[in-house]
Amino acid sequence: MNKKITMAALIVGATSSMAMAQSDPLRFDPENFTRQTLFMPDGEEVTYKAYEGLQYVKNVEDSTYQTLNIYVPEHLADIPRVPILMRTYVGGYMASTAKSPSPSDATGRALKEGYVVCIPGSRGSNSTIERDGKTIYTGTAPNGLLDLKAAVRYLRYNDSLIPGESELIFTDGTSAG
C-alpha cells in the first residue's frame, strides 16, 4: 500500500512541477536554441548555441526592448565556474535592442575564450509604444537601468538551467552602458 501512495505522490509531484515550468514565462528552456557560427578576424570559427528573444520580465511594457539573447559556446571554457559577460549597447541613455555577438568587440572574444555571453535590450529615452492612439515614452529614467537589473535577476533566477555562473557576471559597455 505504501508503494502505491509513494508512486502516486511522485506522479502528482512530477506533473505539477512540469505544469509550473510550462506556466512560468521566465523559465529558461535549455532546449530552445539554434546553432550559429561567428567568424573571428583571425579566421577562427566559433560555434555556439543561440537563445534569442527571451523575455526577462513578466510584465513586459515594451516588447521591442525588454528581451535578451544568450550565447553559449559549444565548448565552454575548461574552468569549473564559467563567467557570464553581459554586454550592453546603451549609449547616451538611448534604448537598445538585444543584439548578436560581434567578432569585433568583447562579445566575440568572450565566446572564443569559452565564456557565456548575454546581450540584453533595454528601454531608453527614445523608446515609445502606441496605446489608445497616444505615444507613450517607456524609457523614462530609471527604466533603462531597471531593465538591466531585471536581466541580471533573470540570469540568477535561471542559474540551474543556463550554462555559466550567475555569481560571476561582468559587464561591458560604453557611454551610459
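## Buried polar residues and nonpolar cores

In this predicted model, a polar atom of the side chain of S127 lies 2.8 Å from the backbone oxygen of G124. S127 belongs to the loop that runs between β5 (116-120) and β6 (128-131). With a relative accessible area of 0%, S127 is buried. Beyond its neighbours within four places in sequence, S127 is in contact with D62, Y65, A95, I136, Y137, T138 and G139.

R87 is counted as buried because its relative accessible area, 9%, falls under 20%. Its side chain makes a polar contact with the side chain of D172, at 3.3 Å. Setting aside neighbours within four places in sequence, the contacts of R87 include D105, T107, C118, I119 and P120, as well as G173 and T174.

The accessible areas of these two residues are listed below.

| Residue | Relative accessible area |
|---|---|
| S127 | 0% |
| R87 | 9% |

The largest nonpolar core comprises 19 residues, and L68, I70 and Y154 have the most contacts inside it. At least two residues of this core come from each of β2 (45-55), β3 (67-73), β4 (84-87), β5 and α3 (143-157). The most is given by α3, with four residues. Apart from this core lies another, of 11 residues, with V46, A50, Y71 and I119 among them.

Leaving aside neighbours within four places, Y154 is in contact with L26, R27, F28, L54, Q55, Y56, L68, I70 and I162.

Technical notes: Residues are numbered from 1 along each chain as its sequence is written. This is a predicted model: local features need pLDDT of at least 70, side-chain atom pairs count only at pLDDT 80 or more; totals for chains, interfaces and linings use all residues. Side-chain values use heavy atoms; hydrogens and water are left out. Buried means under 20% relative accessible area, exposed over 50%, partly exposed in between (1.4 Å probe, protein chains only). A polar contact is a pair of N or O atoms within 3.5 Å; within protein, one must be able to donate a hydrogen and the other to accept it, and residues adjacent in sequence count only if both atoms are side-chain atoms. Contact means heavy atoms within 4.5 Å. A nonpolar core is a set of buried Ala, Val, Leu, Ile, Met, Phe, Trp, Tyr and Cys residues joined through side-chain atoms within 4.5 Å.
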